[in-house]
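Please keep the sequence and the model in view while reading.

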Amino acid sequence: MAGLKIANTEVGVAFDVKVVPNSRADAIVGLLGDALKVKVAAPPEAGRANRAVCDLLAATLGVPRAAVTVVAGPTSPRKRIVVAGLDAAALQTKLDAFT
């Protein structure tokens, strides 16, 4: 994925997502600049959209839900996500189908 900036961390990988809440369905739709664009049906209230993003990413990446965490931007459409247990190469391979 040419534009997605992936950083290895002590526990896994970190990358940015652009979240579009109140969408018709949950889906990864591609890249928006250097971030992964994700649509979720949940509204952006009481952390519901954040949970939906984490659920979608966990299912897509084949990792436990607890491995996916929003570490920055909890109230912003642009968020920093950390996925424990993956490295940059594994993440890139799993997300190649969405670009």
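Six salt bridges are found in a search of the whole structure, a salt bridge being a side-chain nitrogen of Lys or Arg within 4 Å of a carboxyl oxygen of Asp or Glu. This is a predicted model, in which local features need pLDDT of at least 70, side-chain atom pairs count only at pLDDT 80 or more, and totals for chains, interfaces and linings use all residues. Residues are numbered from 1 along each chain as its sequence is written, and side-chain values use heavy atoms, with hydrogens and water left out.

**Salt bridges**

Side chains of opposite charge can pair when their charged atoms come close.

| Salt bridge | N to O distance |
|---|---|
| D34 and K5 | 3.8 Å |
| D34 and R78 | 2.5 Å |
| R65 and D55 | 2.8 Å |

D34 and K5 form a salt bridge. Because D34 lies in the loop between β3 (27-32) and β4 (35-39) and K5 in the segment before β1 (7-8), this pair ties together parts that are 29 residues apart in sequence. Helices (H or I, at least four residues) and strands (E, at least two) are DSSP runs, numbered from the N terminus.

D34 also pairs with R78. R78 belongs to strand β6 (residues 78-84) and D34 to the loop between β3 and β4, so the parts tied together here are 44 residues apart in sequence.

R65 is in the loop between α1 (48-61) and β5 (68-72), while D55 is in helix α1, and the two are 10 residues apart.

Relative accessible area sorts residues into buried (under 20%), exposed (over 50%) and partly exposed (in between), with a 1.4 Å probe and protein chains only. K5 is exposed at 56%, whereas D34 is partly exposed at 22%. R78 is partly exposed at 36%, as is R65 at 36%, and D55 is partly exposed at 42%.

A network of salt bridges links K5, D16, D34, R78 and R80.

**Nonpolar core**

A nonpolar core is a set of buried Ala, Val, Leu, Ile, Met, Phe, Trp, Tyr and Cys residues joined through side-chain atoms within 4.5 Å. The largest one has 27 residues, of which F15, L36, L57 and V83 touch the most other members. At least two residues of this core come from each of β2 (12-20), β4, α1, β6 and α2 (88-95). Helix α1 gives the largest share, eight residues.

Contact means heavy atoms within 4.5 Å. Residues up to four places away in sequence aside, F15 touches residues including L36, L57 and V83, and also K5 and R80.
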